Amino acid sequence: MTELHESAGTGPGDAHFAVFPDRADAAAVARSFARPGSRTLAHASGRPWLVGHWHDDEIVTASAGNATLAVIGCCPVEAVQLRRTAARLRDLTELDAPARTLPGSFHLIAALDGQVRVQGTASGLRLVFHTEIDGVRVAATRADTLAAVLGLDPDPQELAVRLLWPAPFPLFETSLWRPVTAVPPQDAVIVAADGRTVRHTRWWTPPEPVRPLAEAAPLIRTALEEAVGARTRQGGVVSCDLSGGLDSTSICFLADRSPAHVVASTWPGRDPADTDLHWAQRAMVHLPDVEHVVWDADASPLVYEDLLGIDDLLDEPTIGVMDRSRVLHHLPGLAARGSRVHLTGIGGDHVAWCSDAYYHRLLRTRPLFALRQLRGYRALWQWPLGGTVRALADSRPYAKWLADGAGRLRGPLPSSVTTSLGWGMAPRLFDWVTPEAERMARRALLDAAATASPLHPDRGLHADLEQIRSCTRVIRQWDGMAARAGLPMASPFLDDRVIEAFLAVRPSERVTPWQYKPVLSAAMRGIVPEDCLRRANKATAAMDAANGLRQHRGDLLALWESSRLEALGLVDGVELPRLAQRPASRGLSDAILYSTIAAEVWLRGLSHSRARTP
């Protein structure tokens with residue numbers, strides 16, 4: 001069923017592909033996607049169905065009757081189980097049910113009676129895009145794959161949107177090329193038998209947060225066990241981050257219960273106040289079979305390192321480039337120790353420690369309880385009374401909040417209480433962004449506000465979902481970088497089943513100023529020892545960011561020479577070099593430059609990749 005091209009053999013962890021309907025004209029279009037090393041999976045007719053790169057360990061396929069299914073990514077489903085699903089399939093929307101039950105992180109692709117369905121993950125870690133090419137609707141896991149075949153340049157307005165700090169939902173989920181449509185993570189795309197008619201169909205909705213913690217804890221534990229098990233069940237050697245924080249420590253203890261041999265990896269912080277190593281060593285007392293690697297703190301790359309050398313193929317700008325060197329630095333050493341996949345605790349902050357904005361609704365439904373909790377938050381975060389009252393009284397719908405933000409793009413940064421208790425952080429633009437870029441960003445905001453609905457009516461759950469999806473946009477790119485560096489990464493907290501288990505917990509028990517990550521602590525009790533569950537903080541690496549800004553200001557200066565953003569009229573080519581020469585400038589420590597650097601680095605990488613492509 002699978003036809004291998006002569007130079008096939010991509011490594012695991014970076015599967016990407018395009019999907020074609022079963023038509024003769026689609027077969028002609030598919031030839032434009034074939035590259036050295038690409039693979040083809042065929043329809044029953046022999047015409048191309050999938051063209052791209054994947055490893056044998058990342059794909060399971062099955063056919064029965066007129067239906068063919070493929071799961072690409074990390075999923076412990078067996079071919080016989082997939083075949084039973086295919087045999088029962090009468091309509092492509094019937095795939096919603098199995099898609100909501102399978103563990104792991106994967107794309108699900110189906111063909112039935114000439115129709116094609118493609119979906120990624122609800123987390124947004126695996127995405128889907130589509131466009132029309134020569135009259136054929138083609139879907140793909142990367143937007144740039146489609147744009148390259150069409151010969152498109154990025155849309156300047158989309159780039160202006162990405163200069164916002166931050167770009168709010170739904171603006172950060174669009175493609176950078178106007179003819180390429182992004183499929184929302186909760187939707188699947190279905191292409192009709194004519195090969196051109198296309199529709200989106202919703203397959204995922206978040207759980208209502210109504211489950212008591214006592215009932216939820218064992219379900220969360222099971223979901224995490226299955227997520228880690230999906231990566232460790234084959235045995236061999238796996239590596240895990242072990243910062244000593246609750247997230248990575250939980251993953252490490254779960255991996256230790258698997259058939260795999262575990263190598264734990266700890267980066268001590270440069271800051272003398274950083275306690276990561278202490279907590280990691282505390283965990284290691286209970287992990288006698290785990291090999292512990294402690295890296296030299298001074299060898300850890302700083303933030304902003306090697307920005308000029310980044311040549312990864314990315315399909316959108318990502319603030320992840322700022323930490324790219326730090327993320328990848330230890331992977332070759334772990335691969336040399338035999339690791340076949342590196343597990344991280346990334347995502348734990350987003351699912352186990354959630355938005356304070358739930359108290360906007362709780363104040364109205366359980367006022368006495370909410371007031372008691374809010375007093376704790378005020379003490380914890382130093383929220384002023386007046387600002388807290390104003391934030392809680394703000395009942396603007398999401399669309400109105402978006403539209404209002406369009407008129408305040410040059411205003412001061414909003415207060416933390418406004419951000420924490422509202423719909424999120426209102427977007428801002430800064431002095432180096434041109435009036436033309438501001439005009440385009442404002443227009444995009446107002447256009448979105450005309451039709452936008454929040455991810456959930458409860459602003460707490462909306463904020464949680466937006467933060468998860470913002471996080472996965474970065475991790476998606478890091479995963480590709482890690483695979484290219486030779487050791488795939490995986491983040492079990494960001495599997496859909498894990499996210500669902502956490503989101504289902506009642507917010508009154510999940511969000512509290514009195515306890516650090518109470519849900520994760522309850523779920524891991526009995527797996528992670530009590531003395532490891534007592535940690536109530538995490539390191540911030542603020543010193544590494546500040547030092548990086550000072551040490552790499554020469555690279556930042558070079559970045560703005562012949563700036564692609566300046567050539568497009570989106571940034572001021574005088575103001576940015578001036579800022580690079582003054583790394584202690586007010587506001588830079590708050591990462592307000594990140595979105596601009598991300599866009600510039602991405603445009604440089606895009607031009608370099610085009611120069612390399614024959």
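Reader: At what angle do helix α6 and helix α7 pack, and is that parallel, perpendicular or oblique?
Author: This is a predicted model, where local features need pLDDT of at least 70, side-chain atom pairs count only at pLDDT 80 or more, and totals for chains, interfaces and linings use all residues. Residues are numbered from 1 along each chain as its sequence is written, and side-chain values use heavy atoms, with hydrogens and water left out. Helix α6 (213-232) and helix α7 (246-256) have axes 9 Å apart and pack at about 60°. Angles under 35 degrees count as roughly parallel, over 145 as roughly antiparallel, 65 to 115 as roughly perpendicular and the rest as oblique, so α6 is oblique to α7.

Reader: What is the handedness of the crossing of α6 and α7?
Author: Axes are lines fitted to C-alpha atoms, for helices over the stretch in contact, and angles run from 0 to 180 degrees between N-to-C directions. A crossing is left-handed if the near helix is turned anticlockwise from the far one by less than a right angle, and right-handed if clockwise. The crossing of α6 and α7 is right-handed.

Reader: Which residues make the contact of α6 with α7, and how do they divide by class?
Author: Contact means heavy atoms within 4.5 Å. Leu224, Glu225, Val228 and Thr232 come from α6, and Ile251, Leu254 and Ala255 from α7. Ala, Val, Leu, Ile, Met, Phe, Trp, Tyr, Cys and Pro count as nonpolar, Asp, Glu, Lys and Arg as charged, and the others, Gly among them, as polar. The contact divides into five nonpolar, one polar and one charged.

Reader: How do α15 and α17 run relative to each other?
Author: Helices (H or I, at least four residues) and strands (E, at least two) are DSSP runs, numbered from the N terminus. α15 (398-406) and α17 (435-451) have axes 8 Å apart, at an angle of about 165°. Their crossing is left-handed. The angle makes α15 and α17 roughly antiparallel.

Reader: Which residues of α15 and α17 meet, and of what class are they?
Author: Ala399, Leu402, Ala403 and Ala406 of α15 meet Arg442, Leu445, Leu446, Ala448 and Ala449 of α17. By class, this contact has eight nonpolar, no polar and one charged residues.

Reader: Which residue of β13 is the bridge partner of Ile190?
Author: Five bridges join β12 (187-191) to β13, and these strands run antiparallel. The partner of Ile190 in β13 is Arg199.

Reader: Which strands are at the edges of the parallel sheet?
Author: Five strands form this open sheet, in the order β16-β15-β14-β17-β18. An edge strand has a single partner, so one side is left without a neighbour in the sheet. The edges are β16 and β18 (489-490).

Reader: Which residue in β17 stands opposite Ser239?
Author: Three bridges join β14 (237-241) to β17 (339-343), which run parallel. Opposite Ser239 stands His342.

Reader: Asp306 and Ser562 have positive phi. How exposed is each?
Author: Most residues other than glycine have a negative phi. Phi is near 60° at Asp306 and near 55° at Ser562. Asp306 is partly exposed, at 35%. Ser562 is exposed, at 65%.

Terms used:
Two strands pair if DSSP finds at least two bridges between them. Buried means under 20% relative accessible area, exposed over 50%, partly exposed in between (1.4 Å probe, protein chains only).
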